[in-house]
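Visitor: I would like to learn how to read a structure like this one. Please take me through it feature by feature.

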Amino acid sequence: MYRKKIYGRSKESKCPFCDSTASAMNNQGILVCQRHIKDELKNLKCMCGEPLDIMQGKWGPYFRCINCGNISYKKGLEANSLL
Ligand SMILES: [Zn+2]
Ligand SMILES: [Zn+2]
């Protein structure tokens, strides 16, 4: 039997609000599920405790902290236990 293993195929994004598959985008340009289109990520904190700003880059959203500079979207969510 030939079964191809697919590595690094993490195209499927998760909604940070509920863990469902994200198939829509909210006002902040963040991938969310259909149910959370109207929700926004608020009061996100950096690992250092400073608030994070959501930025829009060429490759999607990322965060910015006044202490740490740019933080990847994934890291920012991780710091807030959203991933
Ligand atoms: Zn959701
Ligand atoms: Zn920071």
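Guide: Start with pairing: two strands pair if DSSP finds at least two bridges between them. Helices (H or I, at least four residues) and strands (E, at least two) are themselves DSSP runs, numbered from the N terminus. Here, the bridge partner of Met55 in strand 4 is Tyr62. This is a predicted model, in which local features need pLDDT of at least 70 and side-chain atom pairs count only at pLDDT 80 or more, while totals for chains, interfaces and linings use all residues. Residues are numbered from 1 along each chain as its sequence is written, and chains are lettered from A and ligands numbered from 1 in the order in which they are written.

Visitor: How many helices and strands does the protein have, and in what order do they run?

Guide: There are one helix and five strands. Read from the N terminus, the order is β-β-β-β-β-α.

Visitor: Which strands make up the open sheet, and in what order?

Guide: The open sheet has three strands in the order 3-4-5, paired antiparallel. Its edges are strand 3 (53-57) and strand 5 (69-71), each of which pairs on one side only. From one strand to the next, the twist averages 40°; axes for such angles are lines fitted to C-alpha atoms, for helices over the stretch in contact, and angles run from 0 to 180 degrees between N-to-C directions.

Visitor: How many bridges join strand 3 to strand 4, and how many join strand 4 to strand 5?

Guide: Strands 3 and 4 are joined by five bridges, and strands 4 and 5 by three. Strand 3 and strand 4 form a hairpin with two residues between them. A further hairpin connects strand 4 to strand 5 through three residues. Cys65 has Gly69, in strand 5, as its bridge partner.

Visitor: Ile66 is in the loop between strand 4 and strand 5. Is Ile66 buried or exposed?

Guide: The test is a count: a residue is buried if 20 or more other C-beta atoms lie within 10 Å of its own, exposed if 12 or fewer, and partly exposed in between, with C-beta atoms placed from the backbone. Ile66 counts as exposed because it has 11 C-beta neighbours inside 10 Å. Its C-alpha atom is separated by 9.4 Å from that of Cys46, 20 residues apart along the chain. Across the protein, buried residues make up 20% of the 83 residues.

Visitor: Which residues form the largest nonpolar core?

Guide: In soluble globular proteins, nonpolar side chains tend to be buried together. A nonpolar core is a set of buried Ala, Val, Leu, Ile, Met, Phe, Trp, Tyr and Cys residues joined through C-beta atoms within 7 Å. In this model the largest one has eight residues: Cys46, Leu52, Phe63, Cys65, Ile71, Tyr73, Leu77 and Ala79. Helix 1 gives the largest share, three residues. A second, separate core has six residues, among them Cys15, Ile30, Val32 and Leu41.

Visitor: What does Tyr73 touch?

Guide: Two residues are in contact if their C-beta atoms, placed from the backbone, lie within 7 Å. Leaving out residues up to four places away in sequence, Tyr73 touches Gly60, Pro61, Tyr62 and Phe63. Of the protein's contacts between residues at least 6 apart in sequence, 17% join residues at least 24 apart.

Visitor: Which value does phi take in Asn43 and in Ser81?

Guide: Most residues other than glycine have a negative phi. Asn43 has a positive phi, near 55°, and so does Ser81, also near 55°. Asn43 is found in the loop between strand 2 (31-32) and strand 3, whereas Ser81 lies in the segment after helix 1. Asn43 counts as exposed because it has 7 C-beta neighbours inside 10 Å. Ser81 is exposed too, with 7 other C-beta atoms within 10 Å.
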